[in-house]
Amino acid sequence: LGEPLRKLRVIAGDGLFTAFNSEPNWRKAHNILGPGFSQAAMRGYHDSMLAVIDRLLHSWDVAADSGEYVDVPQSMTSLTFDVIGRCGFGYDFDSFGRAEPDPFVEAMSRALEYINRSSNDIPILRAVFGRAAREQHARDIALMQDTVDRIVDERMRSQDTQADLLELMMHTADPDTGEQLDRESIRNQVLTFLVAGNETTAATLGFAVHFLSRHPEVVAKARAEIAEVAGADGQIGYEQVAKLRYVRRVVDETLRLWPAAPGYFRKVRGETTLGGRTLPPGS
């Protein structure tokens, strides 16, 4: 867990993205949530994804009709946020139906900005001049945690059974230990998906649209493939997604040009040699 990622632990604790190797909840959550990303699970999420995309397109049509500019990065944040909410936790944030951004989204944006800024500042200056920002940061984290607790509470009270990630976390035991995730760990995993999952996916979609806007010949090829795969009704079924091979290459090239996760960290467990240098354990 690299130093920049450790700063996210104040939000997501020992969630999948920010857990240390030694923390038991990493493997437990990994084992429990794995089935949530199977082909069968993805097929179950498909209709919810389409519904959110329809909302996105409608919001763009409304903007176009009124002559307004479209804020693509904000649109992609709303899109991924709603998809994760509906597919992951059976909760509709309805980002496109709001006149103002969801308070959770605003708190998340401020919290991430605070973490990014405080990563490179001078601690004594932050202590002297950053009181207001620290207090706002604490309120933002509390709002995010309270929102997730409310989502989980509503599901528990409803006793509804849904094929999503929250259902797995609430009722599935780790096959290795027989243990389930405790309430705090469930909150941390939900926050991980809403924060880390949103940020990476929204950035990739936003840059894909940006690069497409610079290459009309690629747009033409992508549209031709979509028209051929979708057919007369223009609808994309789950089984048709894999046939969008050119569109997939657009996404892959976007990730190559502007990777949402440009690197990862490794730690030496036992003394080893790399490039003629001896690396001690822990480095």
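The questions and answers below walk through the structure shown above.

The model is predicted: local features need pLDDT of at least 70, side-chain atom pairs count only at pLDDT 80 or more, and totals for chains, interfaces and linings use all residues. Residues are numbered from 1 along each chain as its sequence is written, and side-chain values use heavy atoms, leaving out hydrogens and water.

Me: What percentage of the 283 residues in the protein chain is buried?
Reply: Buried means under 20% relative accessible area, exposed means over 50%, and partly exposed is what lies in between (1.4 Å probe, protein chains only). By that cut-off, the buried share of the 283 residues is 34%.

Me: Among contacts with a separation of 6 or more, what share comes from residues 24 or more positions apart?
Reply: A contact here means heavy atoms within 4.5 Å. Counting those contacts in the protein chain with a separation of 6 or more, the share from residues 24 or more positions apart is 64%.

Me: Now to the helices: at what angle do the axes of α6 and α10 cross?
Reply: Axes are lines fitted to C-alpha atoms, for helices over the stretch in contact, and angles run from 0 to 180 degrees between N-to-C directions. Helix α6 covers residues 103–118 and helix α10 residues 183–214, and their axes come within 12 Å. The crossing angle is roughly 70°. Angles under 35 degrees count as roughly parallel, over 145 as roughly antiparallel, 65 to 115 as roughly perpendicular and the rest as oblique, so α6 and α10 are roughly perpendicular.

Me: Which residues of α10 make the contact with α6?
Reply: α6 passes α10 in a right-handed crossing (left-handed means that the near helix is turned anticlockwise from the far one by less than a right angle, right-handed that it is turned clockwise). From α6, the contact is made by F104, M108 and L112. Their partners in α10 are L191, L194, V195, N198 and E199.

Me: Is α6 oblique or perpendicular to α8?
Reply: The axes of α6 and α8 come within 9 Å and cross at roughly 135°. The handedness of this crossing is left-handed. With that angle, the relation of α6 to α8 is oblique.

Me: How many charged residues does the contact of α6 with α8 have?
Reply: Among the residues that meet are F104, A107 and M108 in α6 and H137, D140 and L143 in α8. Ala, Val, Leu, Ile, Met, Phe, Trp, Tyr, Cys and Pro count as nonpolar, Asp, Glu, Lys and Arg as charged, and the others, Gly among them, as polar. The contact has eleven nonpolar and three polar residues, and its charged residues number three.

Me: Is D140 buried or exposed?
Reply: D140 sits in helix α8. Not counting residues up to four places away in sequence, D140 touches A107, R110 and A111. Because its relative accessibility is 2%, D140 counts as buried.

Me: What is the N to O distance in the salt bridge of R183 and D153?
Reply: A salt bridge is a side-chain nitrogen of Lys or Arg within 4 Å of a carboxyl oxygen of Asp or Glu, and the whole structure holds 16 of them. The side chains of R183 and D153 form one, with an N to O distance of 2.5 Å. R183 lies in helix α10 and D153 in helix α8, so this pair ties together parts 30 residues apart in sequence. R183 is partly exposed at 33%, as is D153 with a relative accessible area of 27%.

Me: How many residues apart are R9 and E23?
Reply: Their side chains meet in a salt bridge of 3.0 Å, N to O. R9 belongs to helix α2 (residues 9–12) and E23 to the loop between α2 and α3 (24–33), a separation in residues of 14.

Me: Which residue other than glycine has a positive phi near 50°?
Reply: Most residues other than glycine have a negative phi. The residue in question is found in the loop between α5 (72–89) and α6, and its relative accessible area of 31% makes it partly exposed. With phi near 50°, this residue is D94.

Methods
Helices (H or I, at least four residues) and strands (E, at least two) are DSSP runs, numbered from the N terminus.
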